[in-house]
Structure formats: C-alpha cells, structure tokens
Amino acid sequence: MKLYALKGIHADEPRVSLTPTGAKRLSNLGIAVCVPPDLGVTCGWTDADYSLAGATVTADGPGDADVVIGLEGPTPDQVASIARGALYIGYLDPFSAESAIDGMVARGVNAIAMELIPRTTLAQKMDALSSQTNLAGYAAVLLGANHLPQILPMMMTPAGTLKPARVFVIGVGVAGLQAIATAKRLGARVDAFDTRPAVEEQVKSLGAKFVKVDLGETGETKDGYAVELTEEQRAREVEAIASVIAESDLVITTAQVFGRRAPVIVTDAMLQRMRPGSVVVDGAVDSGGNVEGIEMGQIARRHGVTLVGLPHLSRQVPVHASEMYTANLANLIEHFWDKEAGAIRLDHDDEIMGGCLVAHNGELCSDLIRKHRENR
C-alpha cells in the first residue's frame with residue numbers, strides 16, 4: 001500500500017500532515033510512504049529527515065497512492081488528483097465544505113473526517129480535534145499575555161506589589177481547560193464560565209473560580225459540546241458575564257456549538273466597559289467567533305481593547321501541533337490496519353470508523369452530515 005502526504009493549501013499554515021517520526025511508524029507497518037519536497041520545512045524537518053525515516057521524497061503527487069493524508073480539506077484540484085477508490089484522511093470541515101465532500105463522493109474517493117472521530121475512551125488516541133484545541137488553549141493565553149501591557153503574576157518587589165492580572169475564560173471544553181491551567185501556571189487570577197454546570201468541579205480543580213449563572217436547564221451533546229442556548233438563556237448569560245468581563249484584563253473565549261456557528265458572547269457594549277489596554281482572544285473565530293464584529297486573521301483595537309482574531313491557534317506551536325496530529329493519524333491507521341490484506345479496514349459497523357467515515361464507494365455515508373443538511 002502506498003500513502004502520500006499532502007502539503008497544506010494555505011500559505012499561512014505552518015503545521016504539516018506528517019512528521020518524520022510518523023513516517024517511520026507507518027513505514028514499519030509495511031506502507032510505502034511518499035512525501036512532497038520541503039513538506040516539513042516550516043517545522044524544521046528536512047527532506048533528509050524523511051528519507052532517514054523510510055519515506056520517499058517525490059514531487060509526483062498523490063495520483064497512484066492508495067491513501068492520501070492532509071491537514072486541511074483538499075482543493076478541487078487535489079481531489080481530482082486522487083485516484084478513484086483511494087482513501088483521503090484529514091480535516092474536511094464536514095458541515096461547511098459541501099463541495100469538497102460532494103466532489104470526493106462523485107469521484108469515488110473514500111474519505112475520513114478527522115473532526116468526526118468519536119469522543120470515546122477507545123478513540124481518544126485518534127482525537128485530533130481535542131489534540132489541536134488543547135494546544136490552542138495554551139497558545140491563546142500566551143498570545144493574550146504578549147499583547148497585555150502588564151505581567152500576569154503577582155510580583156512583590158522593593159518598588160511595591162504588582163497585582164496579578166485577571167483572566168476570564170469563557171467556554172470550558174478542552175481548549176478552555178488548557179487556557180485555565182496555563183493562565184494559573186503563569187500566576188494570573190482566573191475566572192471561568194460555561195453553560196454546563198457539570199464543569200464547575202474541573203474549573204475548581206485547576207484553581208480557578210467558576211462563575212455561576214442560573215440558566216435553567218442546559219446540557220451537552222454525547223461528544224461533550226454545549227447545547228445551544230435559548231434566547232432567554234442567552235440574555236441571562238450576557239447580563240451575568242458582562243460585569244466579569246469589565247473587570248478582566250484578558251478574556252479568552254472558546255465557546256463553540258458542534259456543527260453550528262459559534263455563539264456571539266462578547267458584545268461591543270461589553271468591550272466598551274473594559275479598561276483600555278485589555279485584551280480579548282477569540283478562540284472560536286474559525287467558526288464565526290464569540291466576539292461581536294471580530295475579524296478573522298486580524299489583530300485590531302476597538303474601544304482601546306486589543307482583539308486577537310487569529311484562526312487555528314495551534315498554528316502558533318506548529319512543531320508540537322504537527323507531532324500530535326501525526327500521532328492521531330498513525331493511531332487511527334494502526335487501529336484499523338489489516339496486516340494480511342495490507343490495507344485499512346473501512347468497517348461501517350465499527351463505532352469509530354462508522355462515526356468518521358463520510359464517503360465510501362461513491363456514496364455519502366455520514367448520518368451526521370445528512371441530518372445537518374436536512375435541518376438547515
């Protein structure tokens with residue numbers, strides 16, 4: 001079996017879909033691994049590193065590969081270059097990028113969406129979404145601290161005592177928990193809020209204060225995402241967190257609703273109440289943003305507040321982000337590797353494969369995507 005690793009399609013994407021370590025793991029399975037020239041240059045890995053790991057460096061493209069891996073959803077040209085019957089594995093943005101998925105279905109390319117790996121104990125080692133958002137939470141704090149005109153920890157000096165910065169994390173999923181832990185390690189005073197009361201214990205275990213808001217009945221999906229709030233609940237939420245935001249030096253938002261646009265939580269009126277020099281890092285900008293009027297890809301100032309709207313915050317730490325993504329891919333391939341057939345088993349009845357396989361034998365086979373399209 002031959003596997004080809006695609007380069008990223010965006011010029012500002014420093015992460016890569018396969019590391020030399022990952023190439024060695026896959027080569028040890030008996031897979032012929034091929035990579036394009038300079039695949040790992042943004043992370044400091046040379047073509048020689050890949051060759052030493054057992055990969056073949058070639059500019060021939062994925063045309064005769066049985067498996068193609070990527071970081072981002074393939075472009076129409078890339079889809080056209082993948083052989084009929086081959087398997088593509090990568091991020092697909094399955095609820096928005098209809099043309100890419102439909103293009104693979106039409107061409108007969110099988111496809112696995114890494115975003116749809118089930119969040120179960122068995123699938124944890126393959127969960128690229130959690131791996132990347134974990135790093136994003138860490139990067140959000142460092143970005144925010146870098147733009148603050150003050151330090152995060154309390155510091156007692158001969159010149160006086162410096163108070164710790166106040167950090168407010170909105171959304172306590174994987175990214176939010178890592179943001180809380182990172183901010184606490186750097187010495188900040190941390191408050192956190194989430195619509196799911198069940199996360200209060202996790203927040204407190206990290207040394208942060210949980211902001212309680214009586215929203216009535218809320219909950220989460222089977223994959224751990226917050227359920228979308230009603231208009232009445234959203235009004236209560238806005239009223240309660242506005243005062244905390246006004247007192248905060250750094251606000252980090254990570255609130256997302258699976259398969260939908262991120263809810264707007266930080267309004268322009270809230271920004272006006274913040275002290276000049278405060279910073280807001282929108283960790284949900286990729287799916288529309290939690291901050292009213294946030295511009296994706298921009299760092300801007302409004303009402304004296306710095307707004308950080310950089311997408312895919314794990315890009316800030318591309319070496320470790322690439323290592324984790326590659327490990328998730330390798331774990332997936334090893335889990336479904338059929339040694340006798342020398343191929344990956346595409347078993348619809350398997351809980352993991354059934355959840356992430358979106359296209360197979362010329363058909364859209366994801367119930368999640370079908371339901372999403374029906375309910376628009």
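I shall speak about a sheet, a pair of helices, an aromatic pair and one proline.

Please keep in mind throughout that this is a predicted model.

Let me begin with the sheet. The model has an open sheet of eight strands with mixed pairing. Read across, the order of the strands is β3-β2-β1-β4-β5-β6-β18-β19. Which strands stand at the edges? They are β3, residues 56–57, and β19, residues 363–364. Each of these has a single partner strand, so one side of each is left without a neighbour in the sheet.

I now turn to the helices. Two packed helices are described by the angle between their axes and by the distance between those axes. Helix α1, residues 20–28, packs with helix α10, residues 318–335, at an angle of about 10°, and their axes are 9 Å apart. An angle under 35 degrees counts as roughly parallel, and therefore α1 is roughly parallel to α10.

Which residues make this contact? From α1 they are Gly 22, Arg 25 and Leu 26. From α10 they are Thr 326, Ala 327, Ala 330, Asn 331, Ile 333 and Glu 334.

The structure holds one aromatic pair. Tyr 91 and Tyr 325 form this pair, which is stacked, with 5.5 Å centre to centre and 25° between the planes. Tyr 91 lies in the loop between β5, residues 87–90, and α4, residues 98–107, whereas Tyr 325 is in helix α10, so the pair ties together parts that are 234 residues apart in sequence.

Are these two tyrosines buried or exposed? Tyr 91 counts as buried, because its relative accessibility is 13%. Tyr 325, at 0%, likewise counts as buried.

Finally, consider Pro 197, found in the loop between β10, residues 189–193, and α7, residues 200–205. With a relative accessibility of 53%, Pro 197 counts as exposed. Its C-alpha atom is separated by 46 Å from that of Ser 27, a residue 170 positions away along the chain.

Thank you for your attention.

Notes
Residues are numbered from 1 along each chain as its sequence is written. This is a predicted model: local features need pLDDT of at least 70, side-chain atom pairs count only at pLDDT 80 or more; totals for chains, interfaces and linings use all residues. Side-chain values use heavy atoms; hydrogens and water are left out. Two strands pair if DSSP finds at least two bridges between them. Helices (H or I, at least four residues) and strands (E, at least two) are DSSP runs, numbered from the N terminus. Axes are lines fitted to C-alpha atoms, for helices over the stretch in contact, and angles run from 0 to 180 degrees between N-to-C directions. Angles under 35 degrees count as roughly parallel, over 145 as roughly antiparallel, 65 to 115 as roughly perpendicular and the rest as oblique. Contact means heavy atoms within 4.5 Å. Rings of Phe, Tyr and Trp (its six-membered ring) pair if their centres lie within 6.5 Å; planes under 30 degrees apart count as stacked, over 60 as edge-to-face and the rest as tilted. Buried means under 20% relative accessible area, exposed over 50%, partly exposed in between (1.4 Å probe, protein chains only).
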